Amino acid sequence: MQATFRIDTGKLLDGEFPAKMTRIVEEWAAEHREALQANWAKAVELEPTARIPGADN
């Protein structure tokens, strides 16, 4: 199972994911939006990224 989600909205972009898991990802992304955006900016510059706690933590 694979899916792609938007960083800015947490919404499913591509792939298939069960509805319950999609809601968990959307909530997690909303809670970690700043860290996700900061990591994306670092990745674009090929800089090391920071660890973001997973939804299970």
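What percentage of the 57 residues in the chain do buried residues make up? The share is 16%. The structure discussed here is a predicted model, and this report describes its overall plan before turning to individual residues.

## Overall plan

The chain has 2 helices and 2 strands. Read from the N terminus, these elements follow the order β-β-α-α. Taken along the principal axes, the C-alpha atoms fill a box of roughly 35 × 25 × 20 Å. Of the contacts between residues at least 6 apart in sequence, 23% join residues at least 24 apart.

The confidence of the prediction is expressed as pLDDT, which averages 92 over the chain. A score of at least 70 is reached by 98% of the residues. Among the elements, helix α2 has the highest mean pLDDT, 96, while helix α1, residues 19–31, has the lowest, 93.

Helix α2 comprises residues 33–44, and Asn39 is one of them. The length of this helix can be checked by a simple calculation. At 1.5 Å a residue, the 12 residues of α2 should span 16 Å, and the end C-alpha atoms are 17 Å apart, which agrees.

Within α2, the residues Arg33, Leu36 and Asn39 are buried. Viewed down the helix axis, the buried residues of α2 fall within an arc of 130°, so they line one face of the helix. The buried residues of α2 pack against α1.

The cut-off for the buried class is under 20% relative accessible area, and the table lists the values.

| Residue | Location | Relative accessibility |
|---|---|---|
| Asn39 | helix α2 | 12% |
| His32 | loop between α1 and α2 | 18% |
| Ile52 | segment after α2 | 17% |

Which residues does Ile52 touch, leaving aside its neighbours within four places in sequence? Ile52 is in contact with Trp28, His32, Ala35, Leu36 and Asn39. The C-alpha atoms of Ile52 and Leu36 are separated by 7.8 Å, although these residues stand 16 residues apart along the chain.

His32, with neighbours within four places in sequence again left aside, is in contact with Ile52 and Pro53. Asn39, not counting residues up to four places away, touches Thr49, Ala50 and Ile52.

Leu46 lies in the segment after α2. Is Leu46 buried or exposed? At 80% relative accessibility, Leu46 counts as exposed.

The backbone angle phi of Leu46 is near 60°, which is a positive value in a residue other than glycine. As a general rule, most residues other than glycine have a negative phi.

## An aromatic pair

How many aromatic pairs does a search of the whole structure find? The search finds 1. The rings of Phe5 and Phe17 have their centres 5.5 Å apart and their planes at 70°, so the pair is edge-to-face. The reasoning rests on a cut-off: planes over 60 degrees apart count as edge-to-face.

Phe5 belongs to strand β1, residues 3–5, whereas Phe17 lies in the loop between β2, residues 12–15, and α1; the pair therefore ties together parts that are 12 residues apart in sequence. With 23% relative accessibility, Phe17 counts as partly exposed.

Lys20 lies in helix α1. At 59% relative accessibility, Lys20 counts as exposed, since the exposed class covers values over 50%. Lys20 and Lys42 are 22 residues apart in sequence, and their C-alpha atoms are 30 Å apart in space.

Definitions and conventions. Residues are numbered from 1 along each chain as its sequence is written. This is a predicted model: local features need pLDDT of at least 70, side-chain atom pairs count only at pLDDT 80 or more; totals for chains, interfaces and linings use all residues. Side-chain values use heavy atoms; hydrogens and water are left out. Helices (H or I, at least four residues) and strands (E, at least two) are DSSP runs, numbered from the N terminus. Buried means under 20% relative accessible area, exposed over 50%, partly exposed in between (1.4 Å probe, protein chains only). Contact means heavy atoms within 4.5 Å. pLDDT is the predictor's confidence in each residue, from 0 to 100. Rings of Phe, Tyr and Trp (its six-membered ring) pair if their centres lie within 6.5 Å; planes under 30 degrees apart count as stacked, over 60 as edge-to-face and the rest as tilted. The expected span of a helix is 1.5 Å times one less than its number of residues. The arc is that of the directions from the helix axis to the C-beta atoms.
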